[in-house]
Amino acid sequence: MPIYNVEKYIERALLSALNQTYQDLEILIVDDLGHDNSMNIVHQLKSTHPRGNCIRIITHKKNLGLGGTRNTAIESAQGKYLYFMDSDDAIVPDCIETLYNIISQEKVDFVAAGINQIDENENSLKITNYPNITRKGKLCMAQYFYEEKNDIWVTTWNKLYNLSFLKEFHIHFLEHVYHEDIVMHAMLALNTRSFSLTNRTTYLYNCKREDSITNIGQGYTLKHLNDLTIVFSEIRRLIQADNNLSKHLQKAINLYYLFEIYHRYLPAMYSNIKRSDLIKGLARLSQNCIPPILETRLTFKSIKRFLFLKLPFSIQYRIKSHKYKKKKKLDKKKIINK
């Protein structure tokens with residue numbers, strides 16, 4: 001768990017980790033040198049909570065950002081499995097037990113569970129669940145996510161990873177770079193040989209935090225914009241270095257990241273960034289990331305399908321139902337005319 005200026009949230013987050021039904025835990029706290037009361041709250045819980053001895057604190061010598069704290073966790077963890085959670089979120093009491101039972105039984109590289117998006121008063125806003133599945137085989141996640149257009153959240157948290165898998169494939173995070181989850185997710189997709197999903201909801205994601213950039217445009221800075229070029233250039237390098245990708249899978253991956261660039265750039269349009277800086281940022285992004293992606297020819301049909309699959313399931317269902325009813329009427333009319 002990374003700690004940096006989260007005094008408002010850290011007690012709830014850490015208590016949710018300490019109160020897990022699974023007993024054999026090591027809770028890694030990575031102090032990234034914030035300047036509020038967060039670490040005092042951590043030390044207090046460590047000394048007063050019945051399971052406080054589970055907490056191990058690692059203090060950085062200098063601030064490394066969110067990506068750096070997660071790299072520290074990968075390097076320092078002593079268990080067989082590793083679970084990331086953010087210090088402004090929480091997990092349900094049987095989160096680790098649920099995921100541990102699946103990963104140890106299925107013997108997969110990682111397992112992911114559903115997410116409950118909540119506001120700051122812990123009111124549920126939206127629940128996202130996965131189907132109960134296990135996939136195995138080379139590029140199984142890449143095929144499931146990019147090619148078949150199934151959802152696996154880009155976020156690092158709410159997945160239990162086999163630590164030896166992360167280390168074997170050198171899966172890591174860029175330091176001092178925003179959007180670092182996207183690069184890690186790409187590394188995961190290109191290297192995963194097996195994974196499981198469960199329809200259990202185990203993570204409480206505080207998506208309405210006041211200073212969160214997930215609130216479109218709010219808190220979005222020029223660095224967020226400039227880091228997009230770093231992130232997508234790195235992803236392009238990973239794709240080009242992988243010789244196992246078929247042309248069809250490459251096309252699916254390129255299409256996904258074309259729209260991901262748009263999705264990540266959009267908040268900049270609603271931010272306070274100067275128009276001249278916006279244009280320069282877009283120029284850098286276009287020059288370094290978009291032309292290589294467009295080397296793969298994209299058809300109108302593939303773009304239309306991608307956009308359709310990005311719609312909520314309820315809307316997809318209505319569109320399909322409307323098309324089915326329309327087709328049925330036309331077929332009936334043809335029979336009558338005959």
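Start by selecting Lys 107: this residue follows helix H4, and its phi is positive, near 55 degrees. You are looking at a predicted model, in which local features need pLDDT of at least 70, side-chain atom pairs need 80 or more, and totals for chains, interfaces and linings use all residues. Residues are numbered from 1 along each chain as its sequence is written, and side-chain values use heavy atoms, without hydrogens or water.

Next, select H4 itself, residues 95-106. Helices (DSSP H or I, at least four residues) and strands (E, at least two) are numbered from the N terminus. H4 has 12 residues and reaches 17 Å from first C-alpha to last, close to the 16 Å expected at 1.5 Å a residue. That expected span is 1.5 Å times one less than the number of residues.

Now colour Cys 95, Ile 96, Thr 98, Leu 99 and Ile 103. These residues of H4 are buried, meaning under 20% relative accessible area with a 1.4 Å probe, protein chains only. They cover an arc of only 160 degrees around the axis, which puts them on the same side of H4. The arc is taken from the directions from the helix axis to the C-beta atoms.

What covers them? Show strands E4 (81-83), E5 (90-91), E6 (110-118), E9 (159-162) and E10 (194-206), which are included in the cover. Contact here means heavy atoms within 4.5 Å.

Finally, zoom out to the whole chain. It holds 13 helices and 10 strands. Of its 338 residues, 51% count as buried. Residues 24 or more positions apart account for 78% of the contacts with a separation of 6 or more.

Methods:
Buried < 20%, exposed > 50% of the residue type's maximum accessible area, 1.4 Å probe, protein only.
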